[in-house]
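Please read them with the structure open beside you.

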Amino acid sequence: MADREKGGFWVGAAAVLFYPLTWLGRSVYRGAERIPRQGPALLVLNHVSHLDPAVDAVFVHRNRRVPRFMAKESLTRVPIFGKILLGSGGIPVSRGTSEAGDSLKAAHETLREGKVVVIYPEGTITKDPLGWPKRSYTGVARLALENDVPVIPVARWGTQDIWNGYSKKFRPLPRKTVVHSVGEPVDLSAYREKDRSPAVLREVTDLLMGEVLDLLVEIRGERPPAKPAGNG
């Protein structure tokens with residue numbers, strides 16, 4: 001078995017803060033062996049709760065890797081959390097500004113350094129009251145197509161029962177179950193030689209999030225409505 005990836009002081013600080021938060025729920029990991037123990041990887045996840053970054057960080061860390069999160073730039077200004085995010089290699093995203101391209105450049109470089117990047121293509125917590133993913137941004141497709149690395153879909157479900165991003169309710173008790181389900185790396189070979197047109201980027205983004213959705217359907221045992229309410 002490969003040694004655990006070294007993270008340094010700030011990753012240790014994150015572990016001290018985040019590991020106790022995961023005790024709010026019972027962790028169930030499915031297919032975690034699909035996360036490479038070394039080398040680069042892009043992990044693509046859905047987003048339903050403010051707890052997601054903490055439990056997802058612990059999930060990746062328990063699988064002997066150090067996650068580098070792409071996160072909204074505003075989070076870097078949150079006391080303590082912001083310092084941990086930046087210190088542990090987090091990548092601030094200034095979506096809709098002239099600096100947005102710099103975020104993708106940093107993510108490209110992180111992957112080229114052989115590290116694990118975690119991305120929430122939705123950009124924020126879904127507003128769907130049933131917790132189904134909303135339409136996602138295409139930055140994930142750019143990262144996936146311009147880096148020949150494993151692109152791995154991961155669905156996580158259960159954090160919304162503890163801290164609901166839609167209703168803003170915090171319910172730590174009774175203790176809930178939080179499931180992470182990891183899919184097979186997505187084969188994007190058919191797209192790599194195509195022009196990076198908006199249509200291709202949208203198709204790849206929808207393909208990746210479709211894989212996440214399939215995993216989520218399996219966890220939940222139900223399918224989303226044809227037109228999810230509140231999801232633009």
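1. How are α5 and α7 oriented to each other: roughly parallel or roughly perpendicular? The axes of helix α5 (residues 139-146) and helix α7 (residues 198-220) come within 8 Å and cross at roughly 95°, and the two helices are therefore roughly perpendicular, a word kept for angles of 65 to 115 degrees. Axes here are lines fitted to C-alpha atoms, for helices over the stretch in contact, with angles running from 0 to 180 degrees between N-to-C directions; helices are DSSP runs (H or I, at least four residues) and strands likewise (E, at least two), numbered from the N terminus.

2. Please keep in mind that this is a predicted model, in which local features need pLDDT of at least 70 and side-chain atom pairs count only at pLDDT 80 or more, while totals for chains, interfaces and linings use all residues. Residues are numbered from 1 along each chain as its sequence is written, and side-chain values use heavy atoms, with hydrogens and water left out.

3. Where the two helices meet, V140, A141, R142, A144 and L145 of α5 are in contact (heavy atoms within 4.5 Å) with V200, L201, V204, T205 and L208 of α7. The residues of this contact comprise eight nonpolar, one polar and one charged; Ala, Val, Leu, Ile, Met, Phe, Trp, Tyr, Cys and Pro count as nonpolar, Asp, Glu, Lys and Arg as charged, and the others, Gly among them, as polar.

4. The largest nonpolar core has 35 residues, and L42, V44, M70, L143, L188, V204 and L208 touch the most other members. Such a core is a set of buried Ala, Val, Leu, Ile, Met, Phe, Trp, Tyr and Cys residues joined through side-chain atoms within 4.5 Å. Helix α7 gives the most to this core, with 10 residues. A second, separate core of 20 residues includes A41, L45, F59 and I84.

5. Strands β2 and β5 run parallel and are joined by four bridges, where pairing requires at least two bridges found by DSSP. L42 has V117 as its bridge partner in β5, and its contacts beyond four places in sequence include L111, I119, L143 and I152.

6. Two further residues deserve a look. Buried means under 20% relative accessible area, exposed over 50% and partly exposed in between (1.4 Å probe, protein chains only).

Note on methods
Parallel < 35°, antiparallel > 145°, perpendicular 65-115°, else oblique.
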